[in-house]
Structure formats: C-alpha cells, structure tokens
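Here is a short briefing for a reader who has not seen this structure before. The sequence and the model come next, followed by notes grouped by topic.

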Amino acid sequence: MGSQDNNAALSSNSFLPHKSSKVFVAGHRGLVGAAIVRKLTQVGFTNLVLRTHAELDLTRQSDVEAFFVSEKPEFVIVAAAKVGGIHANNTYPADFIAINLQIQTNVIDSAYRNGTKKLLFLGSSCIYPKFAPQPIPEDALLTGPLEPTNEWYAIAKIAGIKMCQAYRIQYKWDAISGMPTNLYGPYDNFHPENSHVLPALMRRFHEAKVKGAKEVVVWGTGSPLREFMHVDDLADAVIFMMEKYSGLEHLNVGSGKEVTIKELAELMKEVVGFEGDLVWDSTKPDGTPRKLMDSSKLASLGWTPKVSLKDGLADTYKWYLENVNL
Ligand SMILES: NC(=O)C1=CN([C@@H]2O[C@H](COP(=O)(O)OP(=O)(O)OC[C@H]3O[C@@H](n4cnc5c(N)ncnc54)[C@H](OP(=O)(O)O)[C@@H]3O)[C@@H](O)[C@H]2O)C=CC1
Ligand SMILES: C[C@H]1O[C@H](OP(=O)(O)OP(=O)(O)OC[C@H]2O[C@@H](n3cnc4c(=O)[nH]c(N)nc43)[C@H](O)[C@@H]2O)[C@@H](O)[C@@H](O)C1=O
C-alpha cells in the first residue's frame, strides 16, 4: 500500500479494556455474528447492541441512519450479509451484489458519521482471483479474474474492503477488514441447496443415516480443495483484530489446513456414522479449484487458530443433533 498506508497516523482505539463500551454486532443471529456475541460475552462485554433483521433491515438507508443516530455504538462489527454456498451465489447474483453493497455501505457510512471509534468489516476468501498463487497472500487482491460462481458476492466484498480503506485515508477513521476462509459451526445454515458444503453434507448424511439410505449424492468431482475453520476460531480472531490491528490492508483469517471435498465427505461420513456410498454429481459446479489463504500476517501479530477439523465437525454435529434435528 506504500505511501497510502496511514497506520502510523491512527491513534489506537483499545477495545478489550472497555467492557462496558457499546458494541453493535450486525447479523448477530447468523453463524458468525452468534459466535462473536458468544465470545464478547465470554470475555466480559456487557453493553452489546443487537437488532434482528425484522427489527432493523440494514438495506434500508434511512432506518440504518436513524439507528446509528439514536444508539451511537462505539464499536461495530459487520457480520450481516447475504451469504450462501456455490449454488445460491450462482442462482441469485443480483441479491448477492445488491444486498451486500447496500448493507455494508449503510453500516460503514452511518458508523463513521455517528462517532463509532472502530469498525471491523468481514469479507471472504472468494475476493481473490480464481487462479491466485497458493497460499493466497493479501496482495493477490485484484490481480486476476474472479471465480464466476461467486463474482457478484466477491465484487461487493471487495467494495467493502475499499470503502474501509477510503474512509481510513480520507477521514483517518479506524475501519479494518478481515477475510475469513470457509467457516462452519453452530447456527450455520443447513439449507439443502443454498448452504455451504459442510452443513449441506452434515444434513444429507444425517438424513441418509436416519432413513437407512444406501447412498448420498455429493456435488462436483470431489477434487476442489477448501480451507475450513471453526467459527469459534474466527470469533476469537475478530476480537484479537479489534484489539491489536489498525491497518489499511485487509487481513486473511484461515486455519492454514486444506482438504479436498472428497476428504471432507469421507470425514463427514465417519463423524455422522453413515455407512452407505458416496455418489458424485459432476453436473454441479466445482467452483474455484483451490483457495488456501496465507494467514501469516495475522499469525505474526500473535493469533493462531485452535480447533481441528475433526473436533470441529464433532462439535457441530452434536449441536446439529440438539438444535436443528428436532
Ligand atoms: N459462512 C462462511 O463460510 C463465511 C462467512 N463469511 C462472512 O461472514 C459474515 C457472516 O456470514 P454468516 O454468519 O455465515 O452468514 P449468516 O447467513 O449465517 O448470517 C448473516 C446474518 O445477517 C443477517 N442479515 C442478512 N441480511 C440482513 C438485512 N438486510 N438486515 C439485517 N440483517 C441481515 C441475517 O439475518 P436473517 O437470517 O434474519 O436474514 C443473519 O443473521 C458475512 O459477511 C460473510 O461474508 C466469510 C467467509 C466465510
Ligand atoms: C465461503 C465461500 O463459499 C462459496 O464458495 P465455495 O467454497 O465454492 O462454497 P461451497 O461450500 O458451496 O462449495 C464448496 C465445494 O463443495 C462442493 N459441494 C459438494 N457437495 C455440496 C453440497 O451439497 N452443497 C454445496 N454448497 N457444495 C457442495 C461444491 O461443488 C464446491 O466444489 C462462495 O460462493 C462464497 O459464499 C464464499 O465466500
């Protein structure tokens, strides 16, 4: 970022010592937002401001402005977004670009205008070019064409990063961005078509086991590689970044471990206890062949993930059995 890097110009907005500060977690009932609320509560924050989608539609600019004028949160974490897996991204491109641009633009601008001290925006590893070098460093952004199945979502997320950077540069405002890898855990979306691969397979294997089915259909060829991280690790990283990071560049947040979709399916089969066969539906898209992120910048600041994929899957399946499969 060269001469535009204004890190030094920013005063540090220390986060953790101020447990009674007002913190707005946008999207607190989703996979990520719920994990951030759990973590904030666990470390002692007492003044969280939360609104459901029904209470505050973040695509509505005047409602978002009125909320910020009245609540004036000191810290904001943007975990509200239109989110989905490869099928949803491919099927609803207008929703993925429009809703995400609206939510993030409204929240970032209103937060700045109403005195928020620090804001963290969450993007996704899909911002990088389809054939980025692996592991993908932060500076691979905007160096090549995007993966077509999620370019609409990726463009919105890139705009979010750039908006945080622009407000930093022009207003010396402490807006930062984190780019998580593929996440999973409690409160994930288990929709059969619109979810991400991990919750989709958990549900499909579970239902097949219960019905005594002989086979389960898995999309694509099984060869794409994905890096998965438990959402509790992401929540820990979010709080770490709120406390320690104040820079122009977005930071990758990954587990550093990748598996093929075939390996994930085999592991899921074992965790769920399904004993039938896997059948591959190669009419479904594979998406990007590989997207392992280089998260060494965050590691160099002192953060590392803790949850292994095997433990994370077992924990999530336990949650699924207790909460979804009623
Ligand atoms: N899941 C993943 O694998 C990854 C997620 N991320 C990022 O993390 C963030 C959160 O994702 P995740 O938790 O998985 O998504 P979820 O779909 O689980 O949660 C999103 C939340 O945003 C809320 N929301 C959506 N639209 C609106 C709106 N118009 N007004 C108010 N609230 C709204 C949803 O409420 P409701 O359900 O009621 O609409 C929901 O609570 C996103 O920015 C995403 O890009 C990044 C990388 C990977
Ligand atoms: C986080 C990230 O998530 C999305 O990208 P993605 O990583 O391609 O997401 P996915 O989890 O949906 O698929 C991963 C792989 O898994 C295969 N696959 C097998 N069987 C099922 C299946 O049953 N469902 C799904 N969804 N995929 C399946 C699928 O064919 C693909 O090869 C972005 O759109 C964007 O939202 C984003 O940023």
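Predicted model: local features only at pLDDT ≥ 70, side-chain atom pairs only at ≥ 80, totals over all residues.

Which residues of H10 are buried? They are Leu309, Gly312, Leu313, Thr316, Tyr317, Trp319 and Tyr320. Seen down the axis of H10, these residues fall within an arc of 160°, so they line one face of the helix.

**Helix H10**

- Helix H10 covers residues 309–323, and its 15 residues should span 21 Å at 1.5 Å a residue. The C-alpha atoms at its ends are 20 Å apart, which agrees with that expectation.
- An α-helix has 3.6 residues a turn, so residues three or four places apart point the same way.
- Asp311 and Lys318 lie on the other side of H10 and are exposed.
- What covers the buried residues of H10 includes two helices, H6 (197–211) and H8 (261–272). Strands E6 (182–184), E8 (225–230) and E10 (258–260) are also among the covering elements.

**The sheet of E6, E8 and E10**

- Three strands form an open sheet in the order E6-E8-E10, with mixed pairing. E6 and E10 are the edge strands, each pairing on one side only.
- From one strand to the next, the twist averages 45°.
- E6 and E8 run parallel and are joined by three bridges. Within this pairing, Leu183 stands opposite Met229 in E8.
- Helix H7 (residues 231–244) packs on the sheet and touches E6 and E8. The direction of H7 makes about 70° with that of E8.

- Strand E1 (residues 23–26) runs parallel to E3, and four bridges join them. Val25 stands opposite Ile77 in E3.
- Strand E4 (residues 118–122) is also joined to E3 by four bridges, and these two strands run parallel. Phe75 stands opposite Lys118 in E4.

**Aromatic rings**

- How many aromatic pairs does the structure hold? The count is 16.
- Phe15 and Phe75 form an edge-to-face pair, with 4.9 Å from centre to centre and 75° between the planes. The pair links distant parts of the chain: Phe15 lies in the segment before E1 and Phe75 in strand E3, 60 residues apart.
- Are Phe15 and Phe75 buried or exposed? Phe15 counts as buried because its relative accessibility is 0%. Phe75 is buried as well, with a relative accessible area of 0%. The cut-off for buried is under 20% relative accessible area.
- Tyr167 and Trp173 form a tilted aromatic pair, 6.2 Å from centre to centre and with 55° between the planes. Tyr167 and Trp173 are both buried.
- Ring pairs link Tyr187, Phe190, Tyr317, Trp319 and Tyr320 into a cluster. Tyr317, Trp319 and Tyr320 are also among the buried residues of H10.

Definitions and conventions:
Residues numbered from 1 in each chain as written. Chains lettered and ligands numbered in written order. Heavy atoms only, no water. Expected span 1.5 Å × (residues − 1). Buried < 20%, exposed > 50% of the residue type's maximum accessible area, 1.4 Å probe, protein only. Arc of directions from axis to C-beta. Contact = heavy atoms within 4.5 Å. Pairing = 2+ DSSP bridges. Axes fitted to C-alpha atoms, helices over the stretch in contact; angles between N-to-C directions. Phe/Tyr/Trp six-rings, centres within 6.5 Å; stacked < 30°, edge-to-face > 60°.
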